[in-house]
Amino acid sequence: MSDSTPRLHWYLPTAGESRDVLRGGTNVHRVDGEAPRSPFRPPTLSYLTQVALAVEEAGFDSVLVPTGSYCEDPWVVASALAAVTRDLRFLVALHPRTTTPAYTAHRAATLQRVSGGRLALNVVTGEPGAEAWLHGDLGDKADQYARTDEFLDIYRALFRGETVDRAGKHYTVRAGRLERANGRGPGIPATPEVWFGGSSTYAGDVAAKHADVYLSWLEPLDQLAEKIGWIRGLAAAQGRTARFGVRAWILVRDTHEEAERAALALLDGVDPATQARLRESLLARQSVGQQRGQAHLAAADVTRPESLWVAPGIWGGFGLVAGGPALGFVGSFDDVAARFAEYRRLGVEEFIVSGFPNLEETRWVADGLVPALRRAAAPTEPAAQLATA
């Protein structure tokens with residue numbers, strides 16, 4: 001893509017997937033005791049390779065590789081897929097509570113070398129709860145973000161080739177230095193860029209200090225503009241700048257009507273009680289981003305399709321059936337390209353999108369939306385020039 005078009009990224013379904021969103025869309029909110037509407041696709045290396053190759057052929061910049069106990073290990077998967085791809089970058093998600101800064105720097109440098117520099121890190125602080133407790137992290141949100149801050153301080157220092165002596169609350173390092181991540185050996189890569197998200201006050205402070213790309217879940221334009229201004233101000237106070245990205249679901253078709261029908265089909269067979277249980281579990285979380293997203297769906301009613309539109313081209317039905325971002329882009333290729341242009345004008349350069357199932361939806365975006373984005377970005381010739389051409 002040209003510099004005037006947004007940079008597109010996709011998602012790797014390392015928990016498996018199917019056409020039945022609640023059963024396989026995120027693989028977190030399984031519906032037990034119900035027959036699936038379509039076969040579940042387990043996250044075998046063969047299937048993930050199909051998705052990665054489809055994403056690379058489609059021309060996407062990178063693929064987000066998620067982390068968590070519900071899915072396969074992102075480092076193992078990214079390493080395996082780096083061997084069968086040439087240009088695709090891997091945005092590997094990382095919970096600081098699961099590892100150490102030194103081990104992460106060592107791993108990242110290795111994957112950078114063997115992949116030819118195709119690694120970026122999506123640092124995910126997470127929240128208190130079962131997933132954190134699994135790794136012995138019993139702290140509150142403030143403590144968790146303090147851990148992330150310490151982690152990234154040490155990680156970046158090691159990549160700069162510094163000798164680290166630090167006695168922090170979460171990490172103690174004595175005379176720490178990595179020979180293979182400090183620029184003294186041949187072919188040592190630059191530090192992989194850090195993507196970071198979060199909507200709480202704690203997250204903003206860490207993002208301002210460390211993020212190369214600040215990542216937000218999709219929100220309406222006015223709310224996202226406010227958030228971007230907030231992060232810009234915090235980063236400027238640190239003498240830094242950041243790029244901005246959004247993470248969203250996407251469903252595009254030739255016409256708006258086709259896209260809306262396909263979106264509503266995701267809700268088929270999902271009864272209101274199941275939706276209510278999912279929303280209750282999501283709202284109970286301490287994620288500010290999740291709460292902000294679900295707030296848009298307070299009046300949503302599956303029996304009233306018009307209530308699911310948060311803004312033109314922005315559909316909230318995803319938040320009724322899946323975790324992650326509550327909102328997504330839905331519409332015709334040209335209409336969604338116009339929505340992308342609006343977010344670009346806010347300063348959003350990076351779009352991580354995905355659909356259900358990812359393999360098939362990759363082609364809808366690549367074949368329809370990508371040309372529409374190029375058309376929207378193409379300069380318009382003055383009428384006098386066109387008349388004499």
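# Reading buried parts, rings and cores

Me: Which residues of helix H7 (residues 201–210) are buried?

Reply: Buried means under 20% relative accessible area; exposed means over 50%, and partly exposed lies in between (1.4 Å probe, protein chains only). In helix H7, the buried residues are Ala203, Gly204, Val206, Ala207, Ala208 and His210. Helices (H or I, at least four residues) and strands (E, at least two) are DSSP runs, numbered from the N terminus. This is a predicted model: local features need pLDDT of at least 70, side-chain atom pairs count only at pLDDT 80 or more, and totals for chains, interfaces and linings use all residues. Residues are numbered from 1 along each chain as its sequence is written, and side-chain values use heavy atoms, with hydrogens and water left out.

Me: What covers the buried residues of H7?

Reply: Look for contacts, meaning heavy atoms within 4.5 Å. The cover includes H6, strand E7 (194–197), strand E8 (213–217) and helix H8 (221–237).

Me: How many helices and strands are there in the protein chain?

Reply: The chain has 14 helices and 13 strands. Of its 389 residues, 54% count as buried. Take the contacts between residues at least 6 apart in sequence: 72% of them join residues at least 24 apart.

Me: What about a polar side chain? Where does Thr125 lie?

Reply: Thr125 is in the loop between strand E4 (119–123) and helix H5 (130–134). Thr125 counts as buried because its relative accessibility is 5%. Now check for polar contacts: pairs of N or O atoms within 3.5 Å, where within protein one must be able to donate a hydrogen and the other to accept it, and residues adjacent in sequence count only if both atoms are side-chain atoms. The Thr125 side chain makes one with the side chain of Thr148, at 2.9 Å. Leaving out residues up to four places away in sequence, Thr125 touches His95, Arg97, Gln144, Tyr145, Thr148 and Phe196.

Me: Now the rings. How many aromatic pairs does a search of the whole structure find?

Reply: A pair of aromatic rings is described by the distance of the centres and the angle of the planes. Rings of Phe, Tyr and Trp (its six-membered ring) pair if their centres lie within 6.5 Å; planes under 30 degrees apart count as stacked, over 60 as edge-to-face and the rest as tilted. The search finds 16 aromatic pairs. Trp10 and Phe60 form a tilted pair, 5.3 Å centre to centre with 45 degrees between the planes. This pair links distant parts of the chain, 50 residues apart: Trp10 is in strand E1 (residues 7–11), and Phe60 is in the loop between helix H2 (45–58) and strand E2 (62–65). Both Trp10 and Phe60 are buried. Phe329 and Tyr343 form an edge-to-face pair, at 5.8 Å centre to centre and 90 degrees between the planes. Phe329 lies in strand E12 (residues 328–332) and Tyr343 in helix H12 (residues 333–346), so this pair ties together parts that are 14 residues apart in sequence. Phe329 and Tyr343 are buried too. One aromatic cluster is formed by Phe151, Tyr155, Phe159 and Tyr171.

Me: Which ring does the charged end of Arg247 sit over?

Reply: A charge sits over a ring if NZ of Lys or CZ of Arg is within 6 Å of the ring centre and within 35 degrees of the ring normal. For Arg247 the ring is that of Trp249, with the charged end 5.0 Å from its centre. Arg253 lies over the face of Trp364, at 4.1 Å from the ring centre.

Me: Which residues in the largest nonpolar core touch the most other members?

Reply: In soluble globular proteins, nonpolar side chains tend to be buried together. A nonpolar core is a set of buried Ala, Val, Leu, Ile, Met, Phe, Trp, Tyr and Cys residues joined through side-chain atoms within 4.5 Å. The largest has 76 residues, and those touching the most other members are Phe90, Tyr155, Ile250, Phe329, Phe340, Phe351 and Leu369. Helix H6 (residues 141–159) gives the most to this core, with 8 residues. Apart from this core lies another, of 15 residues, including Leu251, Leu308, Phe318 and Leu320.
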